[in-house]
Amino acid sequence: MHEPVPQRMKEVGCAGLLLSGERQEGQLWPQAHLSVQPPGRGRLVRRGRRTTLVQLAYVE
């Protein structure tokens, strides 16, 4: 998360979608850590709101 674009997104309070990953990678978004998730599942992080568990789908 030290790349310029994601860093700036965090600074201005953009929403983030955290998909599956290892917790030891650290806190990637304010008040949100990665966790191992099944395919298509992630956490939607928005400023001023609770982190929400979401299920995503891909349709061609």
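**View 1. Overall fold of the predicted model.** Of the 60 residues in the protein chain, 17% count as buried, where buried means under 20% relative accessible area, exposed means over 50%, and partly exposed lies in between (1.4 Å probe, protein chains only). This is a predicted model, in which local features need pLDDT of at least 70 and side-chain atom pairs count only at pLDDT 80 or more, whereas totals for chains, interfaces and linings use all residues. Residues are numbered from 1 along each chain as its sequence is written, and side-chain values use heavy atoms, with hydrogens and water left out. The protein chain holds 1 helix and 5 strands, which are DSSP runs numbered from the N terminus (helices H or I, at least four residues; strands E, at least two). From the N terminus on, these elements follow the order α-β-β-β-β-β, and the C-alpha trace spans about 30 × 25 × 25 Å along its principal axes.

**View 2. The largest pocket and its lining.** The largest pocket has a volume of about 180 Å³. On a 1 Å grid over the protein atoms alone, a pocket is an open set of points with protein on both sides within 12 Å along at least five of seven lines, and lining residues have an atom within 4 Å of a point. There are 13 lining residues, of which Pro-30, Gln-31, Val-45, Arg-46 and Arg-47 lie nearest the centre of the pocket. The lining divides into 4 nonpolar, 4 polar and 5 charged residues.

**View 3. A nonpolar patch on the surface.** Leu-17, Leu-19 and Leu-56 form this patch, with about 250 Å² of accessible area together. Patches are made of residues with over 30% relative accessible area and no salt bridge, and nonpolar side chains are joined within 5 Å; a salt bridge is a side-chain nitrogen of Lys or Arg within 4 Å of a carboxyl oxygen of Asp or Glu. Leu-19 is placed in the loop between β1 (16-18) and β2 (27-29), and Leu-19 counts as partly exposed because its relative accessibility is 43%. Leu-56 is found in the segment after β5 (52-55) and is also partly exposed, at 39%. Leu-56 and Gly-42 are 14 residues apart in sequence, while their C-alpha atoms are 7.8 Å apart in space.

**View 4. Thr-51 in its loop.** Thr-51 belongs to the loop between β4 (41-45) and β5. With a relative accessible area of 35%, Thr-51 is partly exposed. The C-alpha atoms of Thr-51 and Glu-3 are separated by 23 Å, and these residues are 48 residues apart along the chain.

Terms used. 1 Å grid on protein atoms, 1.4 Å probe; cavity = no way out; pocket = protein on both sides within 12 Å on 5 of 7 lines; lining within 4 Å. Points joined across faces, edges and corners; volume = space filled by probe spheres on them. Nonpolar A, V, L, I, M, F, W, Y, C, P; charged D, E, K, R; others polar. Patch = residues over 30% accessible without salt bridge, like charges linked within 9 Å, V, L, I, M, F, W, Y side chains within 5 Å. Areas by Shrake-Rupley, 256 points an atom, 1.4 Å probe, with all protein chains shown as cover.
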